[in-house]
Amino acid sequence: MTQVKVSELEGKVVGLYFSANWYSPCTKFTNLLVNVYQQLKECSNINLGFEIVFVSSDEDLNAFNTYRSSMPWLAIPFSDLETRRALTQKFDVEGIPCLIVLLPNDDKLDTAVIKDGVELVYRYGVQAFPFTKERLDELRKKEKEKRDNQTLSSLLTHDARDVLSGHPSPKQVSVASLKGKTVGLYFSAQWCNPAKKFTPRLISVYKKIKQQLEGKDDEDFEIVFVSSDHNQVDFTTYFETMPWLAIPFDDPTIKALAKYFDIRGIPSLVILGPDGKTVTKQGRSLINLYKENAYPFTKTRIDILEKQMDEIAKGLPKTENHSGHRHELTLVPEGHGGGAFICCDCDEQGYGWAYQCLECGYEVHPKCVKPVRHDPEN
Ligand SMILES: [Zn+2]
Ligand SMILES: [Zn+2]
C-alpha cells in the first residue's frame, strides 16, 4: 500500500469523505464522486491541486478494504480509529455520506470549510471545483438565470431533436405542441421496483385527468417519460404500457434533466406549468395523496387540498390500532415526523397527515390505516 505524507496535501483543495459501504446512499454518491474525481484529475492544471481523503465508518477491515478498492483517492488507515473519530467530531459530521471540503490559503475559518460538499457535487458535478465562494456564487447565479429562462423547449429539446416519441411507434410529436399545457416529466425505468406499483397508478390518474379536461380548449395535461432504462428493448416494452409521450431512449437530455431537477431516486414526477416553469418536484407524493384531484398541482390547488385534508383529519380518530402493527398509532400533522415519509403500508411516499407509531417510527397514510378492534378478551 502506498503511503502519502500529509504535508503533501498542503496548499490543495482537500475533500474529507465520510462514508461507509453498508449504506447505499454512500455507495451511490461514491460512484458519482469517483467520476468527478477522475475528470478533475484529467485536467492537468487541477490534477495537483485537489485530493480526497476517505474517512471510513465501515464495520470491519474487510468491508473497508473492499470499499476502499473502488476509490482512486487516499484514506485514513482503518486502524487509526482515533483520527477518524477526531475528524468526525471536529467537523460535526452527523450523517453520511458527508464531504467536507477544506480550502487552502484562507484566513477566515468559516469560509475555508465547505460542509455541504455532497450537495454541491450532486448539483454541480465537476463545475463545483474549486469550491470557492466566488465559484459557488457564479454557479448559483447561472442556475438562477437558467431557471428564470426555463421553457419546455430549453428542457426537452437539443440541436438535433425537437420531437418526442408517441404511440404507435414511430409516431413523433413536436415539443412545441405541448406549449400551454401542464406537463409532467416522469423519471422512471422498468428495472425500478417502486415504479412497478406507481406507474399503473399514474396511468389511471392520467386518464382521469384527461377525462376531466375533455372539451376544454384552454388547458391540457401531458406526461413525458424520461427513461433511465438500461437498453432500448426495456425502454420500448415499458413505454408501450404508457399512454403518454417519451424522450427517446438514451437521449443526452435525460441525464441533463435528472441533474437539473436534482433527481435522487425514481420514480419521480416533476410538474411544469403551462409557461414551462417548474410547478413542483413532488408530483409523485401529490398523486399518491390526492390522485386526479392534485391537478394542476399548483400551490393554490395544493393549499385547498391541504385545508380539506386538515378538515378531514379533525374527524379522524386521534389514535388507531392498525392491522399488522403491534403498537398504537397516533394521528400527527405535517412536520411531526419530519415532513415526508414512506408509508409502511403501501410503500409510497407521503407527507402531511400521518398515523405514526411514537414508539418505533412506523408511519402510514391516514387512507392506508386498517383499523383493528382490540378485544379485551385476548
Ligand atoms: Zn399508504
Ligand atoms: Zn411501533
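User: Leaving aside its neighbours within four places in sequence, which residues is valine 224 in contact with?
Analyst: In this predicted model, valine 224 is in contact with Leu156, Leu164, Val183, Leu185, Tyr186, Trp244, Leu245, Ala246 and Ile247. Two residues are in contact if their C-beta atoms, placed from the backbone, lie within 7 Å.

User: Which residues touch the most other members of the largest nonpolar core?
Analyst: They are Leu185, Tyr186, Val224 and Phe225, in a core of 42 residues. A nonpolar core is a set of buried Ala, Val, Leu, Ile, Met, Phe, Trp, Tyr and Cys residues joined through C-beta atoms within 7 Å. A residue is buried if 20 or more other C-beta atoms lie within 10 Å of its own, exposed if 12 or fewer, and partly exposed in between; the C-beta atoms are placed from the backbone.

User: Which elements give two or more residues to this core?
Analyst: They are α8 (152-156), β8 (182-188), α9 (193-213), β9 (221-227), α10 (232-240), β10 (245-246), β11 (268-272) and α12 (283-290). The most comes from α9, with six residues. Helices (H or I, at least four residues) and strands (E, at least two) are DSSP runs, numbered from the N terminus. Another core, of 28 residues, lies apart from this one, and Phe18, Ile52, Leu120 and Val121 are among its members.

User: Which residues of α10 are buried?
Analyst: Phe235, Tyr238 and Phe239 are the buried residues of α10. They cover an arc of only 95° around the axis, which puts them on the same side of α10. The arc is that of the directions from the helix axis to the C-beta atoms. On the other side of α10, Val233, Thr237 and Glu240 are exposed. The cover over the buried residues of α10 includes β9 and β10.

User: Now valine 279: is it buried or exposed?
Analyst: Valine 279 is buried, with 22 other C-beta atoms within 10 Å. The residue lies in strand β12 (residues 278-280). Not counting residues up to four places away in sequence, valine 279 touches Ile271, Leu272, Gly273, Phe297 and Thr298.

User: Changing topic, how many residues of strand β1 are buried?
Analyst: Seven of the seven residues of β1 (residues 13-19) are buried, so this strand is largely enclosed by the rest of the structure. Val13, Gly15, Tyr17 and Ser19 are buried on one side, and Val14, Leu16 and Phe18 on the other.

User: And why would the residues of a strand divide between two faces?
Analyst: In a regular strand the side chains alternate between the two faces of the sheet.

User: In what order do the strands of the open sheet stand?
Analyst: The order of the five strands is β3-β2-β1-β4-β5, with mixed pairing. At the edges stand β3 (74-75) and β5 (113-114), each with a single partner strand, so one side of each has no neighbour in the sheet. Two strands pair if DSSP finds at least two bridges between them. Seven bridges join β1 to β2 (residues 50-56), and these strands run parallel. The pairing of β1 with β4 (residues 98-102) is antiparallel, over five bridges. Within it, glycine 15 stands opposite valine 101.

User: How are the residues and chains labelled, and what does the model leave out?
Analyst: Residues are numbered from 1 along each chain as its sequence is written, while chains are lettered from A and ligands numbered from 1 in the order in which they are written. In this predicted model, local features need pLDDT of at least 70 and side-chain atom pairs count only at pLDDT 80 or more, whereas totals for chains, interfaces and linings use all residues.
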